Amino acid sequence: MKPLSIQWLRTALACLLLVVTSAPAAPAAAPLPRDSVYQLPLPLTDQHGKTWDWRSHRGQPQVVAMFYTSCQYMCPLIVDSGKAVEHGLTQAERAKLGIMLISMDPKRDRPAALMGIATKRKLDPRWSLASPRANDVRAVAGVLGVRYRQLANGDFNHTSALVLLDRDGRIVARTEQVGSVPDPAFIAEVRRSVADP
Amino acid sequence: MRVLAAALLFVLPAAVVAGGAAWVKVPGGSFRSALKYEDGRAARIAPFDLQKRPVTNAEFLAFVQSHPQWRRDRVPTLFADARYLAHWPTSTRLADSAQAAQPVVNVSWFAANAFCEAQGARLPTWREWEYVAAADETRRDARNDPAWRERILGWYSRPASGPLPRAGLQTPDAFGVQDMHGLVWEWTDDFSSLLVSGDNRVQGDAEKTKFCGAGALSMSDRDNYAVLMRVAMLSSLQARDTTTSLGFRCAKNLP
């Protein structure tokens with residue numbers, strides 16, 4: 001049998017690299033940590049009607065929270081919390097942070113409803129407001145440690161939390177202090193995670 | 001090797017491959033929960049299929065072998081804590097035939113959910129579980145009988161030492177379902193909807209800062225300790241937690 005030529009190996013390696021880097025679910029080549037939330041495949045449809053897996057956000061620290069658009073009381077506070085985090089950062093730091101609000105009400109939170117909130121609250125385009133598939137809501141809530149129950153009238157009872165993910169999707173901080181007054185310890189963790197490695 | 005595995009798959013009884021326990025058709029009905037839901041206690045339970053007994057170690061091992069990402073040495077720590085399947089001698093072997101017939105425990109919600117999904121099923125909801133768990137051997141709702149309550153309480157007060165009995169030994173209840181009490185605790189699909197305050201002294205007082213909307217559930221039937229303890233336990237768990245007395249069974253919507 002003829003030994004494989006170096007040229008062939010090089011071509012094969014290049015192809016492999018191309019496949020790995022172009023797979024949307026795994027933009028980074030290093031294996032995912034076993035405690036990363038991105039171990040959960042999670043297709044999301046955002047306010048622009050685009051569908052992507054949350055693992056495509058790997059590589060950038062993220063602040064993630066769950067909400068739903070028709071919520072009157074707590075969810076506006078969750079948006080306030082996200083804005084408060086942004087206000088605690090410099091322009092340069094802000095540019096390195098993603099913010100994901102994930103709906104627990106995918107039946108009603110179609111792209112138009114999500115865009116309605118983004119417009120009304122004048123959210124920076126770096127914010128993703130997105131709905132998972134109905135069958136995935138319980139799992140993503142489980143991963144983020146959010147408890148919820150849908151009421152007969154369609155509203156939800158739920159716990160509220162902001163969760164900070166590092167570049168690889170590991171949960172590095174979490175706060176249940178929501179509203180326009182930020183949690184200083186949480187902000188400090190956000191600043192640390194967007195600082196250059 | 002692969003041929004051997006394929007051959008073995010054919011040799012295994014069909015029931016094991018399909019998830020083991022027989023399915024019981026649970027008729028629908030109206031049901032008053034022992035929980036005081038803010039949107040009303042009475043609910044219409046739609047008919048559904050429920051596994052007759054909890055999932056066993058042997059059945060869960062078959063699942064782990066066909067879905068190796070759920071082996072304890074491979075599972076993402078996101079989905080299961082360090083005690084996941086810790087009672088098995090290795091990640092792919094059971095201690096003996098006695099263990100094979102025992103209900104599987106040390107499983108997280110994610111693992112239980114994945115098992116049921118692999119059977120084309122799901123975990124039962126809390127309401128479905130409570131509905132079936134209200135029965136004794138002759139009545140679909142025995143909850144007002146003090147003797148029934150005493151019997152269940154007797155199990156909870158026994159220390160959980162010694163090996164677990166086999167699954168499916170107890171007399172079926174009025175629905176034809178076994179082991180709803182007296183064997184293991186069980187995951188429900190919506191365990192994390194049980195927003196019960198950890199502190200019984202504030203029952204009924206909504207922790208408004210923690211729970212959006214009307215607040216935590218409270219118990220409207222404080223004598224129903226069996227339900228109270230189940231709810232308190234489930235509401236204290238995270239989806240990746242496992243315990244030595246917590247297993248599950250699957251449910252299915254009727255076609």
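This is a predicted model: local features need pLDDT of at least 70, side-chain atom pairs count only at pLDDT 80 or more; totals for chains, interfaces and linings use all residues.
Local features need pLDDT of at least 70 and side-chain atom pairs count only at pLDDT 80 or more, while totals for chains, interfaces and linings use all residues. Residues are numbered from 1 along each chain as its sequence is written, and chains are lettered from A and ligands numbered from 1 in the order in which they are written.

**View 1. Helices H7(B) and H8(B) pack together.** Here H7 (residues 146–157) and H8 (residues 225–235) of chain B meet at about 40 degrees, their axes 9 Å apart. Helices are DSSP runs of H or I, at least four residues long, numbered from the N terminus. Axes are lines fitted to C-alpha atoms over the stretch in contact, and angles run from 0 to 180 degrees between N-to-C directions. The pair is therefore oblique, the class left after under 35 (roughly parallel), over 145 (roughly antiparallel) and 65 to 115 degrees (roughly perpendicular). Arg149(B), Ile152(B), Leu153(B) and Tyr156(B) of H7(B) touch Tyr225(B), Ala226(B) and Met229(B) of H8(B); contact means C-beta atoms, placed from the backbone, within 7 Å.

**View 2. Helix H6(B) is mostly covered.**

**View 3. Glu189(A) sits in helix H6 of chain A (residues 184–194).** With 18 other C-beta atoms within 10 Å, Glu189(A) is partly exposed. Beyond neighbours within four places in sequence, Glu189(A) contacts Leu164(A), Val172(A) and Ala173(A).

Terms used:
Helices (H or I, at least four residues) and strands (E, at least two) are DSSP runs, numbered from the N terminus. Two residues are in contact if their C-beta atoms, placed from the backbone, lie within 7 Å. A residue is buried if 20 or more other C-beta atoms lie within 10 Å of its own, exposed if 12 or fewer, and partly exposed in between; C-beta atoms are placed from the backbone.
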